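Trainee: I would like a close look at one single part of this structure. Could you take me through it step by step?

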Amino acid sequence: MSDQSMAGWWMGVLAGAKARIEALAVDLAQAPHETMQIVESTRASLMSGTGVRGFTYLMILLFVGIAVEWLYWTYAYSSLRAVQSALPESPLLALRLGLWRLVLQGSGALLFTAAILGVSAAFAWPQGMHAFVIQMALLILALRASWIVLSIVLSPGCAERQLVPADPARARLRSPA
Amino acid sequence: MVVWMHAAIGLYSWLVLKPVWQRIGGLVLPLLFAVPILALLGFAEAGKEVIAKLATEPDWRALITANLRKASKAAAELDPLKAQLLTGYAVLVLAAVAFLAWRILSTRYQKVTVAYDEGLSAKGRRGLSILELSLLNHVPHAHVCSGRARCGTCRVRVESGAGQLSPIQDIERKTLDRVRAGAGERLACQAQVLGAGVAVTRVLPAFADASAARAPGDWKAEAST
């Protein structure tokens, strides 16, 4: 590559970076205004009859989900603690314990989601709200499932329980628990 | 809802440790959740009725509008007071956070270590309780009441370094007496580690549940076998 074309390439890179920084600055400058707009539109929709009804139904769903999962954990929590406190002596045992944790914690998350989805079918939701509720419930399930799998696979704080080798500091950074 | 949830958590945490929970738990737990759910359902139904009434009865609508005007006028008068209260509250929160940060920062370089049974050990800041050190270091440790000195499931037998632990307070003494703790036993949630050389044995397994607080004798016999 000649000096001239190299300089041209660098100029292009710098111009691109400058354009992106300027766009970012514009976006950041607009952020407070857009946040206010979102807050205002949320407030306005909540001040309507359908908004209040939708929010109330959401609260009911949340209570039902928490109640079902709470009831489940009153029975399952000591089993989970027993599995969590066991120190596996071989990788196979670590895998078995990890699968037990997956079953116990995953069942809690599944029950929460199933309760919410089941009860949500009983309500007459404002238009578009039911689809939103289903999407949110599934999103929460996906997030919780990822959280559970990561904490089981990396097991920060206990190298014996790790299903894949990772040094403790990195495991803590990558895993939520 | 927030107040109810707070009360329900407190009530549950208190009752679940009592022997009476075995008889009333099956009724009380569903009730704790049923009350807010039924209240919210009632609120939603009442809201539907109000909206229907507003649409069909102009006189009633006018009355509601007049009352809303009065309420908004009162709200405008109360706004300065609200701002003052919020400012005062924020100052108190900041003071509490600053005090906490100062305590953490002042002892952050003073490290202590606790040795456990099964060859485990935990290291952390001086002044933390044994239970806090266990949890920070992923040492399995029972703690049904989450460190409120109520359940006694976190208790440990101090093998050495008893003089390096904070003195026993009344709340700990009462719980130790209730669970008939042996000589040299402490609640890990209350015993703060102030120096080196502390070695303990966990009395109950990490999976001990609320039944260990309700019938400590049964669990103690089981743990010893």
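Mentor: Let's begin with helix 2 of chain A, which gives the most to the lining of the largest pocket, with 10 residues. Helices here are DSSP runs of H or I with at least four residues, numbered from the N terminus (strands are runs of E with at least two). This is a predicted model, where local features need pLDDT of at least 70 and side-chain atom pairs count only at pLDDT 80 or more, while totals for chains, interfaces and linings use all residues. Residues are numbered from 1 along each chain as written, chains are lettered from A in the order written, and side-chain values use heavy atoms, without hydrogens or water.

The largest pocket has a volume of about 1,100 Å³. A pocket is an open set of points on a 1 Å grid over the protein atoms alone, where a 1.4 Å probe fits, with protein on both sides within 12 Å along at least five of seven lines; lining residues have an atom within 4 Å of a point. Points are joined across faces, edges and corners, and the volume is the space filled by probe spheres set on them. Of the 35 lining residues, A:W70, A:W73, A:T74, A:Y77 and B:Y12 are the closest to the centre. Helix 2 (49–85) of chain A is joined by helix 1 (2–15), helix 2 (21–56) and helix 6 (211–214) of chain B as the elements giving two or more residues to this lining. By class, the lining has 20 nonpolar, 9 polar and 6 charged residues; Ala, Val, Leu, Ile, Met, Phe, Trp, Tyr, Cys and Pro count as nonpolar, Asp, Glu, Lys and Arg as charged, and the others, Gly among them, as polar.

Now for the two chains: 23 residues of chain A are in contact (heavy atoms within 4.5 Å) with 22 residues of chain B. A:F63, A:W70 and A:R81 lose the most area in chain A to chain B, together 33% of what that side buries; buried area is the accessible area (1.4 Å probe) that two parts lose on being put together, summed over both. Helix 2 of chain A also gives the most to the side touching chain B, with 18 residues.
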